[in-house]
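Let's walk through this structure together, starting where two chains meet and ending inside the protein.

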Amino acid sequence: MVPSIWFDYFNSHSWAPNPTLFASTIEEMIFSTVRTPIAHSARHFKFWLAALTILVVSASTLHAQDWFKTETSSGASNIRIAVADFKPTSSDAQTTALKSIFDATLYSDLANAGIFDIVSKSLLPQSTPGGPSEIVLAQWANAPASAAMIAFGGLGVQSGRVIVNGFLFDAKNTQYPQVLAKQYNEDATEDSARQIAHRFADEIIFRLGGGTPGIAESKIVYVKVAGGNKEIWQMDYDGANQHAITHLGTISISPRISPDSTRIAFSSLGHDGFQIRMFSLLLGRPVNFPSAGGGTNLSPAWSPNGKDIAYSSSRTGDPEIWISDANGSLSRRITSFRGPDVSPVFNPKTGAQIAWISGRTGLPQLYIMDSDGSAVTRMTDGGYATSPSWSPNGQFLAFAWDRKYGPGAPGGQDIYVMEIATKRWIQLTHDGGRCDFPSWSPDGRHIVYANSADGVAAHMKVWSMLADGTQRRALTGPGADMPNWSWK
Amino acid sequence: MATHITYTRNSDITGESFGSNFANSILLHLLVAALIFGSAFLFHKRGTSWGESASTAGAIQATMVSSLPLPPKQRELDTGVLTSEAPSPAPITAKERTEPPPSPNEVAIPEKTKPIKQAEKPTPAPPKHPQPAPEQPTKAATGETAGIRIPQATMELKSGTASISVEDRTFGARFAYYVNIVNRTVAQNWYTQEADPRASLGKSVTLTFDINRDGVPSNARVETRSGSPSLDLSAMRAVQRVEGFGPLPAGDHITVEYTFHYQPK
């Protein structure tokens, strides 16, 4: 029952940007301010406010809803893969530490890939083969391991370099078991051990996952709430290696990483309101992106070729979708309908379509259109939809949706996935508190999102799950919001 | 008139009575015990008893059956031959008489007669249809047989079986894992609810498609129809739904034969 906070905020009539503002309120702020003269009067708001404050108490009981999971798969099982602990091939002091990092990372990468049935460590044979000559396939192919594939190898540190020999063997093919053999040679640091594990896992996933590259090397950018400020942070896909990107000392929100992973576009609060900013990961500093001159500019979105950026701008007074090129020039307006239009996102497969949120009929709904503004199609039929994310294959839209919006309505804001061709949707999160900002992984198998179990903005965490809603896990601690998965 | 009420506690009486009864009981028990022991002492028989090492001890004849005091047997009706205790009368045996031998003229000698010949019924000629000639083997009966291909990978699904074979045998043996991936990926994309369950039950359709260097399937065509168009279509869609299997580990392209067998469990 978060909305009561927003209404409260609007009743105070303080439209000036407030540094303590919760990031996602801005979208809703726009909606409500524009909607106020059209839909409701101030008296209505007071009534709703009173009603909502009563309902806040009983919200937790109303929140529960029945749901069930259906299965339509044909029963084809996943590949059963065993991940052996690697064999230490040198007696260097660093070997043990790096090997444990490597083993844990490789195991979690393959377990999180979503395409494997991974053999539990407790079922593995005792032996740690370091090379093809040392492995006894029958040990791994038979029960209890019953593995179809085995990832194994050796890891050693020699004169400051970590050398990893990784193999992937087909346990059922005794004649030609080798599927993959890789050698890595990097500086002996914990980070490089983790990166080698990611790279080896990606190779395995690429070979066995039907040609879709793995996501173990991908990154996630997100907003970190630090005191009164919000900075852009970055982490590995599994939540490791969290570090700050920006140090602007202001409120920076809605980071979007460019398709080539060289730049991050985001919206930041400056002396002229929220403006689109650009940060170069190559240079490690902000780069120029001309200010729109006024209004609130939010939620930039990269086109898949990296040349255009779509964002919402209220420079004309009404938030509309604008597209400019990656340098901020050649701005042009795409939508021109009364009512707020925010949160654009390009179709990453073609770049020819944009999905966005529009409040032209009242409550914010999900729409798609061609990137020149034609062929507008409404996707959701009601409720309160926010923050769309287009799947990499262009087939699905993930978005946050409060399907039964209103005082006393059951359910809450959850993550949904809609098939664009049929407008059929499935609900991915259930009863877990307010969920928002879904973002697809580059392989289209995972979704990262922000969730706050108790609805308190400061408790927002970044979570990741498989695109069917399973294997949910928190990547960060409290105070992380608005995640965005890199393109590769 | 003065009235005196003497209140005597009943418990005293019961206490006394209980004590005397108890003593009596003890006395009685002792008396019974003395009786038992006394009788045992009095009637105790000394010396060896029956069956012990006495010189007179011998075999004992026990004629139990005849001496059993059973009630006399009920006489049944005595007409039965087997149940009757009275001996049945001996059967009357007639003395055999020998037949006199026949005179030579009495026995008639049968005349010789010719058996009547029956003409054989002609069987109707079979109608003349072009009979398919049995296919002659092109090769010798022993050795390699042509045209039989055993699937290289078969997968049991909830709604049937999916089996695959690759025309390039060496590829299939060398990269069995890739064949398995192709099998699994197509099987995962086979939506069996697209097939009409009644028309397709127990039928199988075989498709052939090529996989190019990048692992993208193309040129899918039905090799053997199942007889259920919806099953053929669902199999075709399963292949068309696959975006790719991953790049080929070797070679330029492979041709895959894929059989969908619809048999929901």
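Where chain B meets chain A, 19 residues of chain B are in contact with 22 residues of chain A, contact meaning heavy atoms within 4.5 Å. The model is predicted, so local features need pLDDT of at least 70 and side-chain atom pairs count only at pLDDT 80 or more, while totals for chains, interfaces and linings use all residues. Residues are numbered from 1 along each chain as its sequence is written, chains are lettered from A in the order in which they are written, and side-chain values use heavy atoms, leaving out hydrogens and water.

The two chains bury about 1,600 Å² between them, with carbon and sulfur atoms giving 52%; buried area is the accessible area (1.4 Å probe) that two parts lose on being put together, summed over both. In chain B, the residues that lose the most area to chain A are B:K158, B:R174 and B:Y177, together 34% of what that side buries.

Which parts of chain B supply at least two residues each to the side that touches chain A? They are strand 1 (153-157), helix 3 (169-174) and helix 4 (176-188), where helices (H or I, at least four residues) and strands (E, at least two) are DSSP runs numbered from the N terminus. Helix 4 of chain B gives the most, with six residues.

By class, this side of chain B has 10 nonpolar, five polar and four charged residues. Here Ala, Val, Leu, Ile, Met, Phe, Trp, Tyr, Cys and Pro count as nonpolar, Asp, Glu, Lys and Arg as charged, and the others, Gly among them, as polar.
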